[in-house]
Structures are given as C-alpha cells and as structure tokens.
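I opened my notebook for a look at charge pairs and surface patches. Here is the entry I worked from.

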Amino acid sequence: MAQLDKLIEKMQAGQEIILESGKAPALKSEGGSAPMLTQQLSSAQIFGLVGEIAPAEVRDLVAQSKAVKFDYVSASKAVAVDFSVTNGQVLARLSPGALRANPHAAPVGNEPEINYLLRKMFKMNASDLHL
C-alpha cells in the first residue's frame, strides 16, 4: 500500500488533498482547508510520495520536475493527480475521480492518449488491424 493511500482514504466527495513544499498535507473543500498531519512536507518528500504512485510512464517526468497529470487507483478510490514544480516549490493536487475513463491508460505528460495506446500496443507486439 502506498503511503498516500492513508490520506486518500480520508478524502470525501468534493474534497481534494493538497501537498505543497513547506506545508502540512491539507484537505481542501469549499469551506476551506484543514491540515491532515502536523508534519510539514519537504519537496523531496512530495517527490517521493508522488513518485510512489505515478505510473511507470510518468515517473521519470516527475523526477525531472516536469508538470504531469495522471490517475491513481488506491485500494478503494480513484484520484486524479496534478503535479507541478514552480520556482522550486512542489505542488500536488489529488482530486476524487479519474481524468479519463480508463485510469490505467495514462499518456506521458500532455501527450495525446492515442500515442500512448499505440506505444503500448507496439510493446505488446499487438496488431493495429482492428483500429
């Protein structure tokens, strides 16, 4: 089980988890935000937490501080993850639900999904006969 799964389990509909450098993880809703832990997270910790749940296709982009969006399915919930680094400050937003219908079909960065699917098909030595 990924370390973030414990926080994701606490998330309710209409809430999102915010991980930001130098701040404690926060649960944000329309009514405001509340810290989920007392510990403030360093950039390195956020890189580690996000890298642990990132699909293999985007893990290198996270390590290179590239902005990425991907889906993650914990034991009981699907979340959309929006990760970015601006001026050395790391920010990750985990929102309920998935970005796309198939949370396992995660394109690299902002790549069109069809490119990812074709690459996956090629790796599997599959035929494009039925496309």
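I call a residue buried under 20% relative accessible area, exposed over 50%, and partly exposed in between (1.4 Å probe, protein chains only). By that scale R93 is partly exposed, at 28%.

This is a predicted model, so I kept local features to pLDDT of at least 70 and side-chain atom pairs to pLDDT 80 or more, while totals for chains, interfaces and linings use all residues. Residues are numbered from 1 along each chain as its sequence is written, and side-chain values use heavy atoms, with hydrogens and water left out.

**Salt bridges.** I looked for a side-chain nitrogen of Lys or Arg within 4 Å of a carboxyl oxygen of Asp or Glu, and found two such bridges. In one of them E16 pairs with R93, with 2.8 Å between the closest N and O atoms. This pair joins distant parts of the chain, 77 residues apart: E16 lies in strand 1 (residues 16-20) and R93 in strand 6 (residues 89-96). I took strands (E, at least two residues) and helices (H or I, at least four) as DSSP runs, numbered from the N terminus. E16 is buried, at 16%.

I also noted K23 with E20, at 3.6 Å from N to O. K23 is partly exposed at 44%, and E20 is too, at 26%.

**Nonpolar patch.** Which residues make the nonpolar surface patch? I114, L117 and L118 do, over about 240 Å². Patch residues have over 30% relative accessible area and no salt bridge; nonpolar side chains (Val, Leu, Ile, Met, Phe, Trp, Tyr) are joined within 5 Å, like charges within 9 Å. Areas are Shrake-Rupley values with a 1.4 Å probe; for residues, only the protein chains shown count as cover. I114 sits in helix 4 (residues 113-123) and is partly exposed, at 47%.
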